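User: Hi! Could you walk me through this structure, one question at a time?

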Amino acid sequence: MIKVRDLIDPTDFSTDEINEILILAQDMEKNPERYSNLCSGKILAALFYEPSTRTRLSFEAAMLRLGGRIIGFSEPNSTSISKGESLEDTIKIISCYSDIIAIRHPQEGSAKRASLYSDVPVINAGDGANQHPTQTLTDLSTIQNLKGRLSNLTVGLCGDLKFGRTVHSLIKALSRYSNNKIILISPDELKIPDYIKEEALKNTSMEIQEVKSLEEVIDNLDILYMTRIQKERFSSEEEYLRLKDSYILTKEKLKNAKDDMLVLHPLPRVNEIHPEIDLDKRAAYFKQARYGMYVRMALISKLLGVI
Ligand code: NCD
């Protein structure tokens with residue numbers, strides 16, 4: 001049983017605890033009626049200071065499917081934040097009203113800061129370009145469900161590895177399973193930050209290779225994780241326009257991939273996966289979004305201590 005606490009970084013839970021969450025999520029998907037009142041009387045606060053579709057709505061759907069209720073905002077300008085209220089004060093107040101908080105914020109470290117001022121568990125739903133641990137739970141759940149394992153995998157992470165918080169969290173999580181190999185595919189300008197690489201490699205011997213060309217490595221991959229070039233984090237529009245179409249996955253490129261390779265993407269996609277791929281059996285990104293809801297149901301239940 002996980003003690004009541006926060007999820008700020010993907011390694012805040014041990015691999016055994018993550019396994020418990022993945023197993024519970026599978027059961028919630030199979031037997032939803034068993035869990036439909038688990039969180040009755042509980043309130044989730046969804047505080048979204050940045051745009052979101054999947055993450056916010058899947059948190060909300062998760063809580064509703066557990067019989068709980070939701071408060072929150074997706075337009076911070078309509079709250080006292082526009083009057084100059086600090087994050088710390090907002091969190092202190094909202095933790096009086098709710099039993100658990102999910103927060104997305106443009107500043108790196110903001111979820112950690114929030115957790116220091118909250119009396120209830122805080123879930124990091126994305127802090128700037130830093131981490132996105134619930135997307136990682138989603139990704140791990142997808143890989144476990146569709147591949148049957150989280151080890152012995154060659155995983156290609158492709159696109160904006162500099163600003164893409166989903167890859168920062170995923171690489172850290174995958175480094176804790178045995179015999180995984182990571183191939184980082186990005187232009188020089190969008191390489192993964194050194195601090196992320198160093199943290200991920202701290203306690204492991206996981207092999208990491210860095211390349212620029214997707215075509216060069218696609219035939220080796222068990223998983224291809226495509227990402228969006230993170231327009232909102234560029235300081236120069238010109239630089240974004242130059243890099244935005246660095247990688248576009250097409251049917252032609254997929255021809256060289258293994259027959260059972262999975263194509264994942266946290267979504268939203270812009271141009272990086274051609275819609276013609278959606279019908280390919282290797283395309284798993286829409287299923288991935290669905291697994292995300294069940295894994296958030298499992299996470300909320302564990303953090304609330306109701307299971
Ligand atoms: C991601 C995010 O917000 O970091 N989206 C998501 O949560 N599914 C990826 C992205 O926005 O590119």
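Analyst: Happy to! Helices here are DSSP runs of at least four residues and strands are runs of at least two, each numbered from the N terminus. Keep in mind that this is a predicted model.

User: Great, then where is Asn152 found?

Analyst: Asn152 has a positive phi of about 55° although it is not a glycine. Its relative accessible area is 41%, which makes Asn152 partly exposed. As for its place, Asn152 is found in the loop between H5 and strand E5 (154–158).

User: Which peptide bond is cis?

Analyst: Let's look at the loop between E9 and H11, where Pro268 has its place. Leu267 is found in that loop too, and its phi is near 65°, a positive value in a residue other than glycine. Leu267 is also buried, at 13% relative accessible area. With omega near 5°, the cis peptide bond is the one from Leu267 to Pro268.

User: How far is the nearest side chain of opposite charge from Glu272?

Analyst: Glu272 lies in the loop between strand E9 (262–264) and helix H11 (285–304). A salt bridge needs a side-chain nitrogen of Lys or Arg within 4 Å of a carboxyl oxygen. Glu272 is buried yet has no such bridge, and the nearest side chain of opposite charge, Arg228, is away by 6.1 Å.

User: Which side chain does Glu272 join in a polar contact?

Analyst: Leaving aside neighbours within four places in sequence, Glu272 is in contact with several residues, including Met226, Tyr247 and His265. Its side chain also reaches the backbone nitrogen of Val270 at 2.9 Å. The side-chain polar contact, at 2.7 Å, joins Glu272 to His265.

User: What does the buried side of helix H1 pack against?

Analyst: H1 covers residues 15–30 and reaches 23 Å from first to last C-alpha, close to the expected 22 Å. Its buried residues are Glu17, Ile18, Ile21, Leu22, Leu24, Ala25 and Met28; they cover an arc of only 165° around the axis, which puts them on the same side of H1. On the other side, Asp16, Ile23 and Lys30 are exposed. The partners of the buried residues are helix H5 (133–147) and H11.

User: How many residues apart are Glu50 and Arg165?

Analyst: The side chains of Glu50 and Arg165 meet in a salt bridge of 3.0 Å, N to O, and both residues are buried. Glu50 is in the loop between strand E1 (43–48) and helix H2 (54–65), while Arg165 is in helix H6 (residues 165–174), so the pair links distant parts of the chain, with a separation in residues of 115.

User: And which residue forms a salt bridge with Lys253?

Analyst: Lys253 lies in helix H10 (residues 251–254) and its partner in helix H8 (residues 214–217), so the pair ties together parts that are 38 residues apart in sequence. Lys253 is partly exposed, with a relative accessible area of 23%. The closest N and O atoms are 4.0 Å apart, and the partner is Glu215.

User: One last thing: how many salt bridges does the structure hold?

Analyst: Another pair is Asp280 and Arg282, whose closest N and O atoms are 2.9 Å apart. Asp280 counts as partly exposed at 21% relative accessibility, whereas Arg282 is buried at 12%. Asp9, Lys172 and Glu199 are linked in a network of salt bridges. For the structure, the number of salt bridges is 23.

Key
Residues are numbered from 1 along each chain as its sequence is written. This is a predicted model: local features need pLDDT of at least 70, side-chain atom pairs count only at pLDDT 80 or more; totals for chains, interfaces and linings use all residues. Side-chain values use heavy atoms; hydrogens and water are left out. Buried means under 20% relative accessible area, exposed over 50%, partly exposed in between (1.4 Å probe, protein chains only). Lys and Arg count as positive and Asp and Glu as negative; His and the chain ends are not counted. A polar contact is a pair of N or O atoms within 3.5 Å; within protein, one must be able to donate a hydrogen and the other to accept it, and residues adjacent in sequence count only if both atoms are side-chain atoms. Contact means heavy atoms within 4.5 Å. The expected span of a helix is 1.5 Å times one less than its number of residues. The arc is that of the directions from the helix axis to the C-beta atoms.
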